[in-house]
Amino acid sequence: MMMTARSRNLRLLSLLFVLFSASTRAEQALEQNRAVDRVEPPFWWAQMAEPNLQLMLHGDHLANAQVKVDYPGVTVTGTEREENPNYLFINLAIAESAQPGTLDIQFRGDGWQQTVRYALKQRRAGSAQRQGFNASDAIYLITPDRFANGNPGNDTTADTLEAADRSNPSGRHGGDIAGMRQHLDYVAEMGFTQIWPNPLVENDQPEYSYHGYAATDLYRVDPRFGSNEEFREFVAAARAKGLGVIQDMVPNHIGSEHWWLQDLPGNDWLNGTGTDKGKFEYTNHARTVHMDPYASHKDHQLFTDGWFVDAMPDPNQRNPRVANYLIQNAIWWVEYADLSGIRVDTYAYSDADFLTCWSGRLMREYPNFNLVGEEWTRQPALVAYWQAGNKNRNGYVSHMPSMMDFPLLYGLRDGLEKPESWSTGLVTLYEALANDVLYPNPNNLVILGGNHDMSRLYSQLDENLGKFRMAVAYLATMRGIPQFYYGDEVLAKSPKQRDDGVVRSDFPGGWAGDKTNGFTGKNLSAEQTQAQQFVRTLFNWRKDNKVIHEGKLKHFAPIDGLYVYFRYDADNETNKTVMVAINKSDRAIEFDRAHYAEMLDGKSAARNVVSGKQSKLNNLVFAANDAQVFELH
């Protein structure tokens, strides 16, 4: 029987439909067999200074996938692999002409295919030229878990290991981003212009996870603090009140529960040969090895490659993919959250060449930005070694604009705590400043009286309110960028020996039901109220005084427990002069005009910045056991 043309066409259409349906079902089956489960960075931006971007993708047997991108201005320049077949690294070149949008990254492997949509976002206007924190700023350091609990609903979450337990000094107490945001007005009214929270990224460790220094996901805010979006909104809310936000970052170590360790990309992603005891060494903390011409290779290797503790694995930053990951992560947070600075934890413990690349890349992306590194040492030469512009004898080049001035911290604490003699007391503080000759830019160092890793300032100074006022006056008027630790303004206490859980105590009034409230002043003692007002007055005064931000410094050697220094304008037209007198003795001391004559040309009167009292210079008296700040006229 012969088929008609119509029947042949119908049969052909039927066959085509069957083939098309089978093909569609096969493609759907392939698409359902999703291989890519994580892409980092999760998105990026167009028109960045560095055109190259490396994506890290994780998924089941992903490494041999073929990759294709068809997007104007974006080119796949290559792929890289590690030993673990579940990782693939894609190198992209993003031309200046590439416009914001969504690009499709197409993957095809053995028996599977997938398309990942990747966002290339529009940068904020002026992002590249953002102004970092500087000497006109004053930083308020917060341990978020211990500051204020704005959202009790996130104290314990289903997707994290450690629950809240406020009774445990080493446990989580419930402070969060919402709590910090609720008290932005307090921070601003105290005279501070920058907020530095301890790390907010996920620390999903089984215990002791509140401090933030054992990250388990570098792209996610810990849900017990809030969300990524809440952090970004917090930064925006802070900016609206004249406050910048500095993010605390830790390239040197991660947490033992970091998601990498559930499926480690390669055997050389961590220093050592594994995460079990005996397969890695502990750091020797020999921080001088980088600049020491006599240091052994072994000591250098132990310092850089050694772990802090078992719970903090040490990434191998000599692996270029590890280094790229950490560099891009820092840039991602700056761009995403609109930061005004980065503080780098345990700075010198990282690989030195990596640090050059890390700091150089950030400063290339943001030329007016600021980065401050932690080098916890009494040796100023070691702090200077890491500051940008230093002429290191071994040729090492750093791009870090700022470092924490720990040598001056020890000069301050020792100078105020120890008795006066020819070699102890205020002379220690006086001599510490002479080390400024070593620094490329001493005015960009961050000065401090305490932080989350040491005893509370008031306790270290034997709970002497006069000495506390001396420390505050010094921080508010000295060259550099002052950093103040939350709660010190209400005389928070701790043992003199390090006790982190107590040092990082809950701010009074940060939790519902607190009997004392430092934010409102409720039930503060007379001394606490006086201390808080002293801090508030000086730091608000500091905000508008360019002579403190940029002025010159001259100091006079301490005599009989009296240390006097001057901040004065380099511009002779304004001729503004501030005099600071720290009288550590137990007696009032009359002002000796002849002794300080070189700083008093044309000056006849003084206004006490705190009390507002006006005095003739010839009648001026420095109060016993106190610090006073005067504007001279």
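What volume does the largest cavity have? The largest cavity has a volume of about 240 Å³. The structure is a predicted model, in which local features need pLDDT of at least 70 and side-chain atom pairs count only at pLDDT 80 or more, while totals for chains, interfaces and linings use all residues. Residues are numbered from 1 along each chain as its sequence is written, and side-chain values use heavy atoms, with hydrogens and water left out.

**Figure 1. The largest cavity and its lining.** A cavity is a set of points on a 1 Å grid over the protein atoms alone where a 1.4 Å probe fits but cannot get out, and lining residues have an atom within 4 Å of a point. Grid points are joined across faces, edges and corners, and a volume is the space filled by probe spheres set on the points. The count comes to three cavities of 30 Å³ or more. Of the 22 residues that line the largest cavity, Leu218, Asp248, Met249, Val250 and Asn329 lie nearest its centre. Strands β12 (217-221) and β13 (244-249) and helix α6 (320-337) each give two or more residues to this lining, and β13 provides the largest share, five residues. Helices (H or I, at least four residues) and strands (E, at least two) are DSSP runs, numbered from the N terminus. By class, the lining has 17 nonpolar, four polar and one charged residues; Ala, Val, Leu, Ile, Met, Phe, Trp, Tyr, Cys and Pro count as nonpolar, Asp, Glu, Lys and Arg as charged, and the others, Gly among them, as polar.

**Figure 2. Asp248 and its surroundings.** Asp248 lies in strand β13. Asp248 counts as buried because its relative accessibility is 4% (buried means under 20% relative accessible area, exposed over 50%, partly exposed in between, with a 1.4 Å probe and protein chains only). The Asp248 side chain makes polar contacts with the side chains of Tyr213 (2.5 Å) and Arg343 (3.0 Å). A polar contact is a pair of N or O atoms within 3.5 Å; within protein, one must be able to donate a hydrogen and the other to accept it, and residues adjacent in sequence count only if both atoms are side-chain atoms.

**Figure 3. The second largest cavity.** This cavity holds about 60 Å³ of space. Its lining includes Glu40, Phe89, Tyr219 and Arg321. Helix α6 gives the most to the lining, with four residues.

**Figure 4. The salt bridge between Glu80 and Arg321.** A salt bridge is a side-chain nitrogen of Lys or Arg within 4 Å of a carboxyl oxygen of Asp or Glu, and a search of the whole structure finds 44 of them. In the bridge between Glu80 and Arg321, the closest N and O atoms are 2.6 Å apart. Glu80 lies in strand β5 (residues 74-80) and Arg321 in helix α6, so this pair ties together parts that are 241 residues apart in sequence. Glu80 is partly exposed, with a relative accessible area of 24%, whereas Arg321 is buried, at 15%.

**Figure 5. The largest pocket.** A pocket is an open set of grid points with protein on both sides within 12 Å along at least five of seven lines. The largest pocket has a volume of about 520 Å³. Among its 27 lining residues, Tyr213, Phe308, Met312, Asp453 and Arg498 are the closest to its centre. Twelve nonpolar, six polar and nine charged residues make up the lining.

Notes
Contact means heavy atoms within 4.5 Å. Lists of a residue's contacts leave out its neighbours within four places in sequence.
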